[in-house]
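Trainee: I've got a model open and I'd like to talk through it with you. Can you put it up so that we're both looking at it?

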Amino acid sequence: MLTVDKMKELGCNTQEGLGRCLNNEMFYLNLVQMGLKDEGFEKLEEILKTNDLDKGFEIAHGLKGVIGNLAITPLYNAISEITEELRARKQIDYAPLLAKIKENREKFTSLL
């Protein structure tokens, strides 16, 4: 079960996230669930298979904003890393970065 305490244990800055939600725990957790289910995660993986770095950056940057505002710190750090590589339009193998995002996301989605 997803709780603020469990999120904190997993490295989230729940105080910051809750502050953005007027300290309404239920509202915050609902937003976290929505953020973790964002279809952008799947879209990012699909887009990077086509090597469309511009679209990949757009999707990654959007996810970074959502996850950052929710203060899901471990996932935010992973998304930030891929976002910066895409911002630079680097022609690299994005699979390891995607795997890091997936691993961090699964830590949280397993609690839903």
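Trainee: Is Thr83 buried or exposed, and what is its relative accessible area?

Mentor: Thr83 sits in helix 6, residues 73–87 (helices are DSSP runs of H or I, at least four residues, numbered from the N terminus). Buried means under 20% relative accessible area, exposed over 50% and partly exposed in between, using a 1.4 Å probe and protein chains only. Thr83 therefore counts as buried, and its relative accessible area is 0%.

Trainee: Before we go on, what should I know about the model and the numbering?

Mentor: It's a predicted model, where local features need pLDDT of at least 70 and side-chain atom pairs count only at pLDDT 80 or more, while totals for chains, interfaces and linings use all residues. Residues are numbered from 1 along each chain as its sequence is written, and side-chain values use heavy atoms, with hydrogens and water left out.

Trainee: Which residues is Thr83 in contact with, leaving aside its neighbours within four places in sequence?

Mentor: Contact here means heavy atoms within 4.5 Å. With the neighbours within four places set aside, the partners of Thr83 are Phe57, Ala60, His61 and Lys64.

Trainee: Which residues of helix 4 are buried, and what covers them?

Mentor: The buried ones are Gly40, Phe41, Leu44, Ile47 and Leu48. Down the axis of helix 4 they fall within an arc of 130° (taken from the directions from the helix axis to the C-beta atoms), so they line one face of the helix. Their cover includes helix 3 (25–36), helix 5, helix 6 and helix 7.

Trainee: What phi does Arg89 have?

Mentor: Arg89 is in the loop between helix 6 and helix 7 (95–109). Its relative accessible area of 33% makes it partly exposed. Arg89 isn't a glycine either, and its phi is positive, about 55°.

Trainee: How far does helix 7 reach from its first C-alpha to its last?

Mentor: The expected span is 1.5 Å times one less than the number of residues. Helix 7 has 15 residues, with 21 Å expected, and its reach is close to that, at 20 Å.

Trainee: Which residues of helix 7 are buried?

Mentor: What covers them includes helix 1 (4–9), helix 3, helix 4 and helix 6. The buried residues are Leu97, Leu98, Ile101, Asn104, Arg105 and Phe108. They line one face of the helix, because seen down the axis of helix 7 they fall within an arc of 130°.

Trainee: Which helix supplies the largest share of the lining of the largest pocket?

Mentor: The lining is Phe41, Glu42, Leu44, Glu45, Leu63, Leu98, Ile101, Lys102, Arg105 and Glu106. Helix 4 and helix 7 each supply at least two of the lining residues. The largest share, five residues, comes from helix 7.

Technical notes. 1 Å grid on protein atoms, 1.4 Å probe; cavity = no way out; pocket = protein on both sides within 12 Å on 5 of 7 lines; lining within 4 Å.
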